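The sequence and structure come before the details.

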Amino acid sequence: MAISFDSALGIHDEALLFRARRAEVLSNNIANADTPNYKARDIEFAAALESASQPRMKQVATSSSHNTELLSPDLAADMMFRIPNQASVDGNTVELQQEMARYTENAMDYQASFQFLDKKISGLKSAIKGE
């Protein structure tokens, strides 16, 4: 009997990747807290999950200089600009304390997703070994 990793792991592997990418976005916001006219961005899990289920066109690198290490263009489409509670004089929309709280919450969600994924993999290893 073949094991389907997609059904065995569920959404936990995708959630882990999403949390890692969201950490990049939030840390970028924190790093640019003092940059004039910088607009804070974020990714909503529900929107990213919904768009992940939609069929998309595959991106093709047409040049060796294209950077594939950065945020996926597919995920970038799900990013939204954040509206600040209080406008800044220099046009920056980063509210540092809120960004740090979101980053911390995302880190805890990442850890939870990682633990769920680890338990799933441990269960699969036990099933394969016949334990």
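## Contacts and fold

Two residues are in contact when heavy atoms lie within 4.5 Å. The model is predicted. On that definition, among contacts between residues at least 6 apart in sequence, 78% join residues at least 24 apart.

The secondary structure consists of five helices and two strands. Their order along the sequence is α-α-β-α-α-β-α.

## Burial and surface

The chain has 131 residues, and 27% of them count as buried.

## Asn32

Asn32 lies in the loop between α2 (12-31) and β1 (41-43). Is this residue, Asn32, buried or exposed? The relative accessible area of Asn32 is 18%, and the limit for buried is under 20%, so Asn32 counts as buried.

The side chain of Asn32 makes a polar contact of 3.1 Å with the side chain of Thr35. Once neighbours within four places in sequence are set aside, the contacts of Asn32 are Tyr38, Asn92 and Val94.

## Aromatic rings

How many aromatic pairs does a search of the whole structure find? The count is zero.

A ring does take part in an interaction with a charged group: the charged end of Arg41 sits over the ring of Phe81. The distance from that charged end to the centre of the Phe81 ring is 4.7 Å.

Notes. Residues numbered from 1 in each chain as written. Predicted model: local features only at pLDDT ≥ 70, side-chain atom pairs only at ≥ 80, totals over all residues. Heavy atoms only, no water. Helix = DSSP H or I, 4+ residues; strand = E, 2+ residues; numbered from the N terminus. Buried < 20%, exposed > 50% of the residue type's maximum accessible area, 1.4 Å probe, protein only. Polar contact = N/O pair within 3.5 Å; in protein donor to acceptor, adjacent residues only side chain to side chain. Phe/Tyr/Trp six-rings, centres within 6.5 Å; stacked < 30°, edge-to-face > 60°. Lys NZ or Arg CZ within 6 Å of the ring centre and 35° of its normal.
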